[in-house]
Amino acid sequence: PFLMFGQSARDSESLLTELKRQMSSYAASHIVFDFRANNSAGDLLVEQSGEFVAQGDSFRMTTPLLDIYCDGKSKWILDNEMLEMMIFPHDSSDDDITENPFVVLKNLDLPDYKFPKRAKVIEEEYGLVQVVELTPKEKDINYISIFLYFSTDTSDLVALEYHSRAGETYFVKIDSLEGIKEKSSDYFVPDDTLLDNSDL
């Protein structure tokens, strides 16, 4: 990507405030995404597509490699290749990006981050975007910076990029993001067939 001159960029705080208001207005959110992780040397670690549904502290992510269910208290991770399921207590403060690539959207508290006054306009393979870099003030968080990519036309969020303290980069392209009707609590818990095959 490279910086585009002559393009007007939005005020960062207004973009972030609109995003926070949008996400909080949804009873539940549904996101279709493409995910890519690279190590500190730039080598590709994993690349996959998936769907993510979030509702309060609960979420459910479906990908070819993993299915993750979380009811806000417990978390079930199904390895689709090994057909094994692991169960863990859920920590709502957990910031594991591989398990929840949209963790920043759940609690987008602006005072917790440093960010520039205005977004930057750059050109990506899918068009012009406005980018806001968030730097967490909390030093114990796993990532040192988060880049939010917004459409220059609609100001919709179109991608996120995390840079971890260990040097890995996680890029999430959002194919669609929409509000949906509230799900029943059962939606965020695997069915009995999967639980019967779980590896405790």
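Begin your tour inside this predicted model by selecting Phe102, Val104, Leu105, Leu134, Leu148, Leu160 and Tyr162: of the 40 residues in the largest nonpolar core, these touch the most other members.

Which residues does Phe102 contact, once its neighbours within four places in sequence are left aside? Select Ile31, Phe33, Phe52, Leu160, Tyr162, Val172 and Ile174, and you have them on screen. Next, pick Val129, Val131, Val158 and Ala159, which belong to a second, separate core of eight residues.

Time to look at empty space. Rolling a probe the size of a water molecule over the atoms shows where such space is left. The largest pocket holds about 720 Å³, and 39 residues line it. To find its centre, select Phe102, Val103, Leu105, Lys106 and Asn107, the lining residues that lie nearest to it. Then colour α1 (12-24), β2 (28-38), β3 (44-55), β4 (58-62) and α2 (103-106), the elements that each give two or more residues to this lining. Which element gives the most? That is α2, with four residues. If you colour the lining of the largest pocket by class, you will find 17 nonpolar, ten polar and twelve charged residues.

For your last stop, go to the second largest pocket, with a volume of about 210 Å³. Select Arg36, Glu47, Glu125, Phe171 and Lys173, the closest to its centre among the 14 residues that line it. By class, the lining of the second largest pocket has four nonpolar, three polar and seven charged residues.

Key: Residues are numbered from 1 along each chain as its sequence is written. This is a predicted model: local features need pLDDT of at least 70, side-chain atom pairs count only at pLDDT 80 or more; totals for chains, interfaces and linings use all residues. Side-chain values use heavy atoms; hydrogens and water are left out. On a 1 Å grid over the protein atoms alone, a cavity is a set of points where a 1.4 Å probe fits but cannot get out, and a pocket is an open set with protein on both sides within 12 Å along at least five of seven lines; lining residues have an atom within 4 Å of a point. Grid points are joined across faces, edges and corners, and a volume is the space filled by probe spheres set on the points. Ala, Val, Leu, Ile, Met, Phe, Trp, Tyr, Cys and Pro count as nonpolar, Asp, Glu, Lys and Arg as charged, and the others, Gly among them, as polar. A nonpolar core is a set of buried Ala, Val, Leu, Ile, Met, Phe, Trp, Tyr and Cys residues joined through side-chain atoms within 4.5 Å. Buried means under 20% relative accessible area, exposed over 50%, partly exposed in between (1.4 Å probe, protein chains only). Contact means heavy atoms within 4.5 Å.
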